[in-house]
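User: I have a structure open and a few quick questions about it. Can you go through it with me?
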Amino acid sequence: MSVEVLDGATIRDFVEDESSFNGTVEGRFAALDANNDGLLSYSEMAREIESIRLVDTHFGVDEVTTPPEELRQLHGSLFAQFDRDGNGAVDLEEFRSETKEMLLAVANGLGFLPVQMVLEEGSLLKTAVDRESSKIASP
């Protein structure tokens with residue numbers, strides 16, 4: 001994990017760079033596709049979905065517990081966002097399309113004011129920041 005500064009433009013530029021974005025998404029998809037069938041089942045995406053902080057604990061100030069059934073419903077609804085045709089599996093195009101929409105939503109939410117965020121190594125947001133940093137470092 002690292003603390004990084006980013007804004008909506010950094011994320012938007014990453015998504016609009018088709019080569020970089022598609023390569024990153026394809027790599028993430030391949031890493032999740034445990035049985036190499038070209039489709040992601042819920043169980044293959046579960047760890048990734050569960051790692052997203054859908055419900056926060058108010059930064060550790062208040063101890064908030066979310067009932068397990070509510071978390072399962074949230075995770076299931078997130079999987080359904082990716083599974084656009086409702087067949088119970090996510091193909092690469094569905095994964096790419098939903099990932100793009102989610103990243104653009106984050107970009108729109110951030111706007112143009114830079115913010116500091118704690119990002120996990122290998123995350124899509126960290127990849128966007130690293131890509132931007134490498135553009136600045138190499139003239």
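Analyst: A point on the annotation to begin with: UniProt positions are given in the numbering used here, and annotations may be inferred rather than shown by experiment. Also, this is a predicted model.

User: Fine. Which residues does the "domain: EF-hand" annotation cover?
Analyst: According to the UniProt annotation, from an unreviewed entry, the domain covers residues 78-105.

User: And how much helix and strand is in residues 78-105?
Analyst: That span is 68% helix and 7% strand. Its end C-alpha atoms lie 14 Å apart.

User: Switching to aromatics. How many aromatic pairs are there in the whole structure?
Analyst: A search of the whole structure gives four. In one of them, F29 with F95, the ring centres are 5.6 Å apart and the planes sit at 65 degrees, so this pair is edge-to-face. The pair links distant parts of the chain, with F29 in helix 2 (residues 18-32) and F95 in helix 5 (residues 92-110), 66 residues apart.

User: Which residues do ring pairs link into a cluster?
Analyst: The cluster consists of F29, F82 and F95.

User: Last topic, T10. Where is it?
Analyst: T10 is in helix 1, which spans residues 8-16.

User: Why does T10 count as buried?
Analyst: Because the relative accessibility of T10 is 9%.

User: What is T10 in contact with, leaving aside neighbours within four places in sequence?
Analyst: T10 is in contact with A128, V129 and E132.

Terms used:
Residues numbered from 1 in each chain as written. Predicted model: local features only at pLDDT ≥ 70, side-chain atom pairs only at ≥ 80, totals over all residues. Heavy atoms only, no water. Helix = DSSP H or I, 4+ residues; strand = E, 2+ residues; numbered from the N terminus. Buried < 20%, exposed > 50% of the residue type's maximum accessible area, 1.4 Å probe, protein only. Contact = heavy atoms within 4.5 Å. Phe/Tyr/Trp six-rings, centres within 6.5 Å; stacked < 30°, edge-to-face > 60°.
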